[in-house]
Amino acid sequence: MKCEKEEQITLWINNEMTEAERKAFEKHLGECPACAQELKAEQQLWNMIGELPAPQPSADMRVRFDAMLEDFKASHQPKANALSRIGSKLKLLWSFQPGMQLAYTVILVVIGIGLGSLLKRGGSDQVTRAELAEVTTKLKDMNETMMLALIENPSASERIRGVSYTEKIKTANKEVIDALLSTLNNDQNVNVRLVTLEALTQYTYDASVREGLVKSIAQQDSPLMQAALADVMLKLQEKRSVQSFRKLLEQKDLDKSIRGKIEETITKLI
């Protein structure tokens, strides 16, 4: 049975606990073999990811960035605000800085300055909601651009980082969803697929996502993915998955523990 304190492992690894919380959790680790084992597994995973080489940004990322920057500058040029004045400096910085993460951080700062400028003008220019919505849209577009660029990176750690940008994309468009489903079904790294599955669960209000998750069951050969999909389908009460799980049970080489989990999932769904 899963320990309810397993959710605190990530907080411990990221040093996001108070001193009292940390001491209490470390005491729990000494008493709970399941949590201790899970912590060891997560540490090994992130250590492995940290050793992977950091790739250079692709030419496609440069084109996407420049296009978005030009569009953003053009849309704010008539207002002659702080954002339009900083735009040229940002592009110059990009030409000297090959690090994609830095470029992304800088443009967020620039957009933030533009937003602050709009808010300060409120009394004189009567800032409209449309202007604020436009800035918010630009932020969303940047997150989508980063995700789509990183998700195709040869480095597994960068693909995981790319998927993590979905946390900032509350409403995903078709391009984002299609990219995530493709990664879920085709990525060679099981850790990337697991993270992608978790990301997709926040978009299950979309019928195409639910359908994609059901179809993905037949394409997964990893016991970890099969178990994770069983949990997701059960949580969603997605009865359409029963047929896919039954087909999975027909595989003679199916892991015994997974077989039992799938049988239990089917029983709870029908």
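**Notes on the predicted model**

1. Let's start with F245. Leaving out anything up to four places away in sequence, F245 touches I217, L229, A230, M233, I262, T265 and I266. Keep in mind that we're looking at a predicted model here.

2. F245 belongs to the largest nonpolar core, which has 40 residues. Along with M147, L180, L197, L213, M233 and I262, F245 is among the members that touch the most other members. The elements giving two or more residues to this core are α8 (129-150), α10 (174-186), α11 (190-200), α12 (207-216), α13 (223-236), α14 (241-249) and α15 (256-269). α13 gives the most, with 8 residues. As background, nonpolar side chains tend to be buried together in soluble globular proteins.

3. T196 sits in helix α11 and is buried, with a relative accessible area of 0%.

4. You'll find N189 in the loop between α10 and α11. A polar atom of the N189 side chain lies 2.8 Å from the backbone nitrogen of N191. Not counting residues up to four places away in sequence, N189 touches A156 and R159.

5. If you run a backbone check, look at Q237: its phi is positive, about 55 degrees, although Q237 is not a glycine. For context, most residues other than glycine have a negative phi. Q237 has its place in the loop between α13 and α14. Is Q237 buried or partly exposed? Q237 is partly exposed, because its relative accessible area is 40%.

6. Now for confidence. The protein averages a pLDDT of 75, and 63% of the residues score at least 70. Among the elements, α12 has the highest mean pLDDT (95), while helix α5 (residues 82-96) has the lowest (44).

7. Where does pLDDT stay under 50? One stretch is residues 78-99, for which the model has 37 contacts beyond four places in sequence. Another is residues 123-127, with 5 such contacts in the model.

Definitions and conventions. Residues are numbered from 1 along each chain as its sequence is written. This is a predicted model: local features need pLDDT of at least 70, side-chain atom pairs count only at pLDDT 80 or more; totals for chains, interfaces and linings use all residues. Side-chain values use heavy atoms; hydrogens and water are left out. A nonpolar core is a set of buried Ala, Val, Leu, Ile, Met, Phe, Trp, Tyr and Cys residues joined through side-chain atoms within 4.5 Å. Buried means under 20% relative accessible area, exposed over 50%, partly exposed in between (1.4 Å probe, protein chains only). Helices (H or I, at least four residues) and strands (E, at least two) are DSSP runs, numbered from the N terminus. Contact means heavy atoms within 4.5 Å. pLDDT is the predictor's confidence in each residue, from 0 to 100. A polar contact is a pair of N or O atoms within 3.5 Å; within protein, one must be able to donate a hydrogen and the other to accept it, and residues adjacent in sequence count only if both atoms are side-chain atoms.
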